[in-house]
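Open the model in your viewer and keep the selection panel at hand. The tour goes from pocket to cavities, then to sheet and helices.

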Amino acid sequence: MSDWWKKSVVYQVYPRSFCDSNGDGVGDLRGIIGKLDYIKTLGADVIWLNPIYASPNDDNGSDISDYYAIMPAFGTMAELDELLREAPARGLHILMDLVVNHTSDEHPWFKESRKSKDNPYRDFYIWREGKGTLPPNNWWSYFGGSAWQKCDETGEYYLHVFSRKQPDLNWENPAVRQEVYRIMRFWLDKGVDGFRMDVINYISKVPGLPDGPLMPNGLGDFGPGCINGPRIHEFLQEMNREVLSHYDVMTVGEMPGVSPEQACRYASVEGNELNMVFQFQHMELDFDERYSKWTLLPTPLDALRRNLSTWQTALHGKGWNSLYWNNHDQPRIVSRMGDDSTDALRTASAKMLGTLLHMMQGTPYVYEGEELGMTNVPFTSVEQYRDIDALNGYRELTIIHGLPHEEAFARVNGHSRDNARTPMQWDDSPNAGFTAGEPWIMMNPNYTTIHAAAQINDPDSVFSYYRQLIGLRKQYDIITEGDYEQLLENSKHFFAYRRHRNGQTLTVLCGFNRETIADDEVAPYCTGTQLLCNCSESSSGCWQPFETRVYLSQE
């Protein structure tokens, strides 16, 4: 099989918020088709679609009721077939979301499973008797409360690591695995080019489902019993053997709790499992010890530098990195690690963060609007949230932790997934050109100044800069193949590194400074036969806020 995905850049589309073609306030497939040329202009090669399957939408489509049908709000199978014709005509691949740790409780398998203990589908899910009046174990659900829901029909509990409407599949059952492989073949035969696999390292549970260590919320951590379980490699190798190895596809596994050493096995160069993994370590560096991701802490630069550098060196020659700042589950990076207080600082920090990531080894992922420097949203009330995670997070912070509204709201506001899910900002017309109707979630009010129409033809825009970064990846093999050397590892202001290959050196200098500072630290490295890119007009001896430079030199 080829490794075309190594030189590729992925553009992630959250269909509900990308482009609405029929005015119902919800993005759709026809809207995506109409924006293919925009994605091509940016320079991306792959479009990753968040789930578009039939779903009751308890978790915005990650609760699937029919893997062979399209959610009516998104369109029809005929429209998907059209997308699968139009995208390749522009040299674009389509990556589908594969959510198979769980289904919706409205999936026919689960409807059968809950009927009786001897139903043929009973063993498709994980059922257990309670401990007296208590659930089978102390595991919490990621969305709050117990991970177990009692079923009136049989008196037993089913496991749901996420929402109670997302029962976990029982991967110990060979029939479940064969059904999943049948689903995968259906979509691959239809023409999709691979899968992003949702929490795929959760599918193997520890036998006996033991209690987890107690957490601040009084429940047990499900992680030790669910994450990177004892049969996970067996399951993924079987999936590869039976399905993936028969197609020239790209695969990425979303894997919370994975280490670089584990990733080298999941994404080994031997290619018997997946091509790459999504890891979360760099996204958890600002987590609060007590309140987890509902944090008010900044991301420490030294920890970020150490973490990303570790992943670069650990996987070099052994596996393959995925590179991302933003996705549908993360707040906007320019608000999180940059500075959105002024347009100049927002633009500079968006470019700097893009440079830092795109000059590393791995496959970059650009989330819709990231290429514009879209920001977090100034929500003013809990009622504006649409995400089950944000709503449950606010409830847990106020009820369980006893925080006042102001603090709880501030914590959720900064890290709510809804920050990434407000509609794409196409222009300054009403609703940013996203819809002619009422958007399913509020618009970010800054769409009047931050939008695609203002940036596509502006050579100084974030969009144009991202387009330049993507072009450099395709032009210079050192970016995709070179080894990695950390620089200035104790700096308070700079994340700097070098890449080396065949006598060439790529020097990447990224400033996290919010004010102009002296360039003494980086001055010795500001040499090279070619300045490939920079995002500021520098004055001698100074480094502008969030300035970044990339030099290429030949020995």
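By class, how many nonpolar, polar and charged residues are in the lining of the second largest pocket? The lining has eight nonpolar, nine polar and four charged residues. Here Ala, Val, Leu, Ile, Met, Phe, Trp, Tyr, Cys and Pro count as nonpolar, Asp, Glu, Lys and Arg as charged, and the others, Gly among them, as polar.

Some ground rules. This is a predicted model, where local features need pLDDT of at least 70 and side-chain atom pairs count only at pLDDT 80 or more, while totals for chains, interfaces and linings use all residues. Residues are numbered from 1 along each chain as its sequence is written, and side-chain values use heavy atoms, with hydrogens and water left out.

**Stop 1**

Select Pro298, Thr299, Arg336, Met337 and Arg514. Of the 21 lining residues of the second largest pocket, these are the closest to its centre. The pocket holds about 410 Å³ of space. A pocket is an open set of points on a 1 Å grid over the protein atoms alone, with protein on both sides within 12 Å along at least five of seven lines; a cavity is a set where a 1.4 Å probe fits but cannot get out; lining residues have an atom within 4 Å of a point. Grid points are joined across faces, edges and corners, and a volume is the space filled by probe spheres set on them.

Now colour helix 10, helix 11 and helix 14 (405–415), which each give two or more residues to this lining. Helix 14 has the largest share, three residues. Helices (H or I, at least four residues) and strands (E, at least two) are DSSP runs, numbered from the N terminus.

**Stop 2: the cavities**

The structure holds three cavities of 30 Å³ or more. Select Gln279, Leu308, Asn321, Ser322 and Leu323, the closest to its centre among 14 lining residues. Helix 10 (301–315) supplies the largest share, four residues. The lining has nine nonpolar, five polar and no charged residues.

Move to the second largest cavity, with about 60 Å³. Its lining includes Arg332, Glu370 and Tyr466. Helix 11 (333–336) and helix 12 (343–358) each supply at least two residues.

**Stop 3**

Show the five strands of the open sheet, in the order 14-15-16-20-18, with antiparallel pairing. Two strands pair if DSSP finds at least two bridges between them. Strand 14 (483–487) and strand 18 (530–534) each have a single partner strand, so one side of each is left without a neighbour in the sheet. The twist averages 20 degrees from one strand to the next.

Zoom to strands 15 (494–501) and 16 (504–511), which pair over eight bridges. Arginine 501 stands opposite glutamine 504. Contact means heavy atoms within 4.5 Å.

**Stop 4: a helix pair**

Select helix 4 (77–89) and helix 6 (174–190). They pack at about 55 degrees, with their axes 10 Å apart. Axes are lines fitted to C-alpha atoms, for helices over the stretch in contact, and angles run from 0 to 180 degrees between N-to-C directions. That makes helix 4 oblique to helix 6; under 35 degrees counts as roughly parallel, over 145 as roughly antiparallel, 65 to 115 as roughly perpendicular and the rest as oblique. Finish on the contact: Met77, Leu80, Asp81 and Leu84 of helix 4 meet Phe186, Trp187 and Lys190 of helix 6.
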